[in-house]
Amino acid sequence: MSLVNLAHVCSHLNNASKARLGLTSVPHSNLHLKLCLALQNSGYISSVVRGGPTPPPPHTLLGHPAANDEAQGVEPLTQANIASRRLWLGLKYWQSEPVLGKISMISKPTRRITIDVAGLRRVIRGEKSDYVEGLRSPGESLYLSTDRGILEARECVEKKLGGLVLCRKDQQEANVGGKVARALSYVPPPPPSLTVSRITKARMEWGLRYPSSPSTRSPLLVTGL
């Protein structure tokens with residue numbers, strides 16, 4: 001398990017999301033494949049297809065490569081082409097914002113962090129456990145390498161599994177939800193009141209009592225005496 005290559009994959013996905021790419025590829029490996037499938041199960045990416053250096057043909061209906069495309073099919077994996085295989089990922093966006101957000105590594109090549117079930121319970125409650133910060137938003141996810149593959153932290157708690165903490169998906173996607181929530185909860189200011197203010201009312205009464213026409217003014221004001 002090479003965490004150096006996994007860090008490169010996370011950095012590449014961050015750059016692809018910032019560039020608003022609809023399709024990107026990462027080098028093929030079992031670790032990368034399991035992580036991408038976990039991201040797809042969480043709903044952060046739309047598709048994971050194994051292909052060559054060039055993108056696979058798009059699906060007839062979906063518009064992007066699909067693993068279950070019966071018309072085009074997927075090139076089989078052999079010993080001759082295994083070194084050139086890549087994973088083609090379909091990225092998702094919501095209101096011009098990337099759903100995937102930002103992925104950051106937790107374990108480093110020189111410091112691998114493991115966590116048990118008790119620590120995971122504290123993390124998903126929003127508390128910090130050793131080097132792992134808590135998940136304080138529904139848009140945040142934490143992925144671990146366990147005996148049953150790469151799983152999200154909440155799934156690990158349900159199955160009572162601990163493991164090696166790989167990476168986390170930060171709350172940029174939650175910020176998109178916050179923008180939507182603020183837009184839905186926005187209440188426009190009330191229209192200006194149609195009632196006449198006290199100053200305007202006083203000016204109107206003054207004008208009725210003392211008209212400004214020269215014929216009705218005081219003789220002293222007209223002659224200037």
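This is a short talk on how one predicted protein model is put together.

First, the ground rules. The model is predicted, so local features need pLDDT of at least 70 and side-chain atom pairs count only at pLDDT 80 or more, while totals for chains, interfaces and linings use all residues. Residues are numbered from 1 along each chain as its sequence is written, and side-chain values use heavy atoms, with hydrogens and water left out.

Let's start with a sheet. It is open, has 3 strands in the order 1-3-2, and its pairing is antiparallel. A word on terms. Strands (E, at least two residues) and helices (H or I, at least four) are DSSP runs, numbered from the N terminus. Two strands pair if DSSP finds at least two bridges between them.

Which strands sit at the edges? Strand 1 (23-27) and strand 2 (45-51), and each of them pairs on one side only. Neighbouring strands here are turned by 25° against each other on average, direction ignored. Angles like this come from axes, which are lines fitted to C-alpha atoms, for helices over the stretch in contact; they run from 0 to 180 degrees between N-to-C directions.

Now look at strand 3, residues 86-91. Strand 3 pairs with strand 2 over 6 bridges, in the antiparallel sense. Find Val 48, and opposite it in strand 3 you see Leu 89.

Next, the helices on this sheet. Helix 1 (residues 3-18) packs on the sheet and touches strand 1 and strand 3. The direction of helix 1 makes about 170° with that of strand 1. Touching, or contact, means heavy atoms within 4.5 Å. Helix 2, residues 30-42, lies across strand 1, strand 2 and strand 3. Helix 2 runs at about 155° to strand 2.

Is Val 9 buried or exposed? Its relative accessibility is 4%, so Val 9 counts as buried. The cut-offs are these: buried is under 20% relative accessible area, exposed is over 50%, and partly exposed is in between, with a 1.4 Å probe and protein chains only. What does Val 9 touch? Val 26 and His 32, not counting residues up to four places away in sequence. Val 9 and Val 26 are 17 residues apart along the chain, yet their C-alpha atoms are separated by 6.4 Å.

On to the cores. A nonpolar core is a set of buried Ala, Val, Leu, Ile, Met, Phe, Trp, Tyr and Cys residues joined through side-chain atoms within 4.5 Å. The largest one has 27 residues. Among those with the most contacts inside it are Leu 13, Leu 39, Leu 89 and Tyr 143. Helix 1 gives the largest share, 6 residues. At least three residues come from each of domain 1 (1-100) and domain 2 (106-173). Those domain bounds come from an automatic or database domain assignment.

Leaving aside neighbours within four places in sequence, the contacts of Leu 89 include Leu 13, Cys 36, Ile 45 and Val 48.

There is also a second, separate core of 15 residues, including Ile 113, Val 132, Ala 153 and Val 157.

Now helix 3, residues 117-124. Its buried residues are Val 117, Gly 119, Leu 120 and Val 123. Why do they line one face? Seen down the axis of helix 3, they fall within an arc of 155°, so they line one face of the helix. The arc is that of the directions from the helix axis to the C-beta atoms. The buried residues of helix 3 pack against strand 7 (114-115), strand 8 (141-146) and helix 4 (153-159). Just after helix 3, Gly 126 takes a positive phi of about 95°.

Strand 8 next. How many of its residues are buried? 6 of 6. Ser 141, Tyr 143 and Ser 145 are on one side, and Leu 142, Leu 144 and Thr 146 are on the other. In a regular strand the side chains alternate between the two faces of the sheet.

Strand 8 has partners too. Strand 10 (163-169) runs antiparallel to strand 8, joined by 5 bridges. In strand 10, Leu 164 is the bridge partner of Ser 145. Strand 9, residues 149-152, pairs with strand 8 over 4 bridges, again antiparallel. Those two form a hairpin, with 2 residues between them.

Last, two loop residues. Arg 20 lies between helix 1 and strand 1, and its phi is near 60°, a positive value in a residue other than glycine. Ser 96 is not a glycine either, and has a positive phi of about 65°. Ser 96 is exposed, with a relative accessible area of 58%.
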